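Student: I would like to go through the labels used for a model. Please set each one against its definition.

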Amino acid sequence: KRLLDEKGMSIRALSAQTEIPFETLRRLYNDTTIRYERSTLGKVCETLNIELSELLVLVDGGE
């Protein structure tokens, strides 16, 4: 959310630029994605000109 908000970009605009389905990006945006496709992450990072570490942050689940 933060990255798109900072760039003033909507999910639909990102979908159009990356050719990634809107629903896939909506799940990323809302942090409800369970499995991440490498190609999806790569396209998002490339399009937004960011590093993967800016897109995903690993959090210890306490397990």
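**Labels and cut-offs**

Student: Why is N49 called exposed?

Tutor: N49 has 69% relative accessibility. Exposed means over 50% relative accessible area, buried under 20%, and partly exposed in between (1.4 Å probe, protein chains only). N49 therefore counts as exposed. Before we go on, this is a predicted model: local features need pLDDT of at least 70, side-chain atom pairs count only at pLDDT 80 or more, and totals for chains, interfaces and linings use all residues. Residues are numbered from 1 along each chain as its sequence is written, and side-chain values use heavy atoms, with hydrogens and water left out.

Student: Where is N49, and what is its phi?

Tutor: N49 lies in the loop between α4 and α5. Helices are DSSP runs of H or I with at least four residues, numbered from the N terminus. The phi of N49 is positive, near 55 degrees, in a residue other than glycine.

Student: What makes E19 exposed?

Tutor: Its relative accessible area is 68%, so E19 is exposed. E19 sits in the loop between α2 and α3. E19 is not a glycine, yet its phi is positive, about 60 degrees.

Student: Is S15 buried or exposed, and how do you know?

Tutor: S15 has 14% relative accessibility, so S15 counts as buried. S15 is in helix α2, residues 11-18. S15 touches I20, P21, F22 and L25, leaving aside residues up to four places away in sequence. Contact means heavy atoms within 4.5 Å.

Student: How do you know that the buried residues of α4 are on the same side?

Tutor: The buried residues of α4 (residues 38-48) are T40, L41, V44, C45 and L48. They cover an arc of only 125 degrees around the axis, which puts them on the same side of α4. The arc is that of the directions from the helix axis to the C-beta atoms. R38 and E46 are exposed on the other side of α4.

Student: Why are α2 and α4 called roughly perpendicular?

Tutor: They pack at an angle of about 105 degrees, with axes 10 Å apart. Angles of 65 to 115 degrees count as roughly perpendicular. Therefore α2 and α4 are roughly perpendicular to each other. Axes are lines fitted to C-alpha atoms, for helices over the stretch in contact, and angles run from 0 to 180 degrees between N-to-C directions.

Student: Which residues make that contact?

Tutor: L14, Q17 and T18 of α2 meet K43, V44, T47 and L48 of α4.

Definitions and conventions. Helix = DSSP H or I, 4+ residues; strand = E, 2+ residues; numbered from the N terminus. Parallel < 35°, antiparallel > 145°, perpendicular 65-115°, else oblique.
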